[in-house]
Amino acid sequence: MNPHRPGRTALAPALLTVTALLALSACGTSEADSGTGAANTVTVRIPDPGNSGVLAVGKKDGSLDKALGKAGAKVEWTGSAGPFAPAAQAMNADQLDFATGSITSGVTSLAQRPGFKFFTAVDPDATGEGILVRNGSGIDSVAGLVGKKVAVNQGGTGEYLLLKALAKAGIPADEVERVYLRPDQTAAVFNAGKVDAWAVWATYAVAEIGSGKAHFVADGAAIGSDNYSLNAVRTGFADEHPEIVKALYQYLHDASVREKKDPAAYLNVFTDVGPTAVTGKALEAQTAIIAKGGTVDPIGPEDIERFEAVAAFYAEQKVTKGQVDVAAHLLDIEKLT
């Protein structure tokens with residue numbers, strides 16, 4: 001459990017109808033000869049984790065398969081990790097079983113007839129997300145964004161961070177131009193000066209900060225961000241295999257505690273060269289962000305209040321047509337049997 005957050009208590013029974021940013025979805029079975037007959041093994045489809053994080057380590061050393069094997073499951077690495085919105089669609093289409101995302105992108109995905117549930121929470125990243133500007137841009141505060149172009153991912157973390165920062169500064173949202181871009185396409189646009197700022201999170205921010213050419217004009221703490229990271233599981237999978245979901249949670253929790261204590265062991269897992277490697281000052285920045293970050297924990301009442309605050313803010317800002325009922329899509333991992 002994150003030592004900086006108060007102890008969580010169990011969710012009310014009404015919350016057992018849950019949603020999720022991570023999706024453990026459709027499952028298949030495979031038969032293996034056991035000498036006396038055939039044993040069914042449940043396949044859990046998880047996006048390929050890339051070169052960093054607890055899932056990358058779990059893939060490399062086989063520890064995730066070992067942990068899930070005790071619950072009668074094995075991993076099938078499918079596609080690649082990325083924005084939550086397409087992962088949510090894949091879960092809804094029974095093409096994926098598990099995914100990771102943010103409460104911000106989760107709220108917009110929940111507005112689309114979700115087929116998944118959230119089952120874990122990681123505290124908002126106070127230092128790794130924010131409004132990024134180039135050094136020498138002349139923008140030294142959120143007020144300096146008035147009349148400027150800011151890159152955001154629509155309906156996700158970027159749009160939330162920008163709107164939240166503007167609201168806190170008392171600046172009407174229409175005084176800043178939002179430029180909707182996919183996060184994996186934004187760095188080139190940002191560095192070419194085609195946008196003045198970029199509302200972004202650690203996955204993409206550390207490379208820019210590490211280059212020594214950009215910095216946050218306001219980070220998550222300054223913005224007052226409630227942008228939790230969440231794990232989601234396909235609803236049908238959770239209903240059929242609660243013991244596997246519980247095993248997955250336990251693995252993620254324990255590994256996140258180890259990661260926080262030794263961040264370097266969870267970076268450059270497969271390679272320390274090439275485009276997926278984190279090096280130099282970017283490596284220093286990423287290590288510091290992980291060390292200060294949260295751990296994967298059950299969703300508690302205090303978290304739900306903040307989830308609902310995000311949903312209310314999105315409705316107020318007209319990102320969603322109405323307020324999404326996040327609490328109706330949460331899974332109490334501590335009550336799974």
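Residues are numbered from 1 along each chain as its sequence is written, and side-chain values use heavy atoms, with hydrogens and water left out. As the model is predicted, local features need pLDDT of at least 70 and side-chain atom pairs count only at pLDDT 80 or more, while totals for chains, interfaces and linings use all residues. Helices (H or I, at least four residues) and strands (E, at least two) are DSSP runs, numbered from the N terminus.

**Confidence**

- The chain has an average pLDDT of 88, and 88% of the residues score at least 70; pLDDT is the predictor's confidence in each residue, from 0 to 100.
- Over residues 1-38 pLDDT stays under 50, and the model has 169 contacts beyond four places in sequence for this stretch. Contact means heavy atoms within 4.5 Å.
- Where pLDDT is low, the predicted coordinates should not be read in detail.

**The five-strand sheet**

- Five strands form an open sheet in the order E8-E7-E9-E6-E10, and the pairing is mixed. Two strands pair if DSSP finds at least two bridges between them.
- E8 and strand E10 (214-219) are the edge strands, each pairing on one side only.
- On average, neighbouring strands of this sheet are turned by 30° against each other, direction ignored. Angles run from 0 to 180 degrees between N-to-C directions, and axes are lines fitted to C-alpha atoms, for helices over the stretch in contact.
- Strand E7 (residues 149-152) and strand E8 (residues 177-180) run parallel and are joined by four bridges. Valine 150 stands opposite arginine 178 in E8, and valine 152 stands opposite tyrosine 180.
- From E7 the chain crosses through H5 to E8 in a right-handed β-α-β crossover. Right-handed means that, with the strands pointing away from the viewer, the path from the first strand over the helix to the second runs clockwise.
- E7 also pairs in the parallel sense with strand E9 (residues 197-200), over two bridges; here alanine 151 stands opposite tryptophan 198.

**Helices H5 and H12**

- Helix H5 (residues 157-168) packs with helix H12 (residues 301-316) at an angle of about 80°, and their axes are 11 Å apart.
- That angle makes H5 roughly perpendicular to H12, a term for 65 to 115 degrees; under 35 counts as roughly parallel, over 145 as roughly antiparallel and the rest as oblique.
- H5 contributes Tyr160, Leu163, Lys164 and Ala167 to the contact, and H12 contributes Val310, Phe313 and Tyr314.

**The three-strand sheet**

- A second open sheet has three strands in the order E4-E11-E5, with antiparallel pairing.
- Its edge strands are strand E4 (98-102) and strand E5 (116-122).
- Helix H4 (residues 103-110) packs on this sheet and touches E4, E5 and E11; the direction of H4 makes about 110° with that of E4.
- Five bridges link E4 to strand E11 (residues 229-234) in the antiparallel sense, and threonine 100 has asparagine 231 as its bridge partner in E11.
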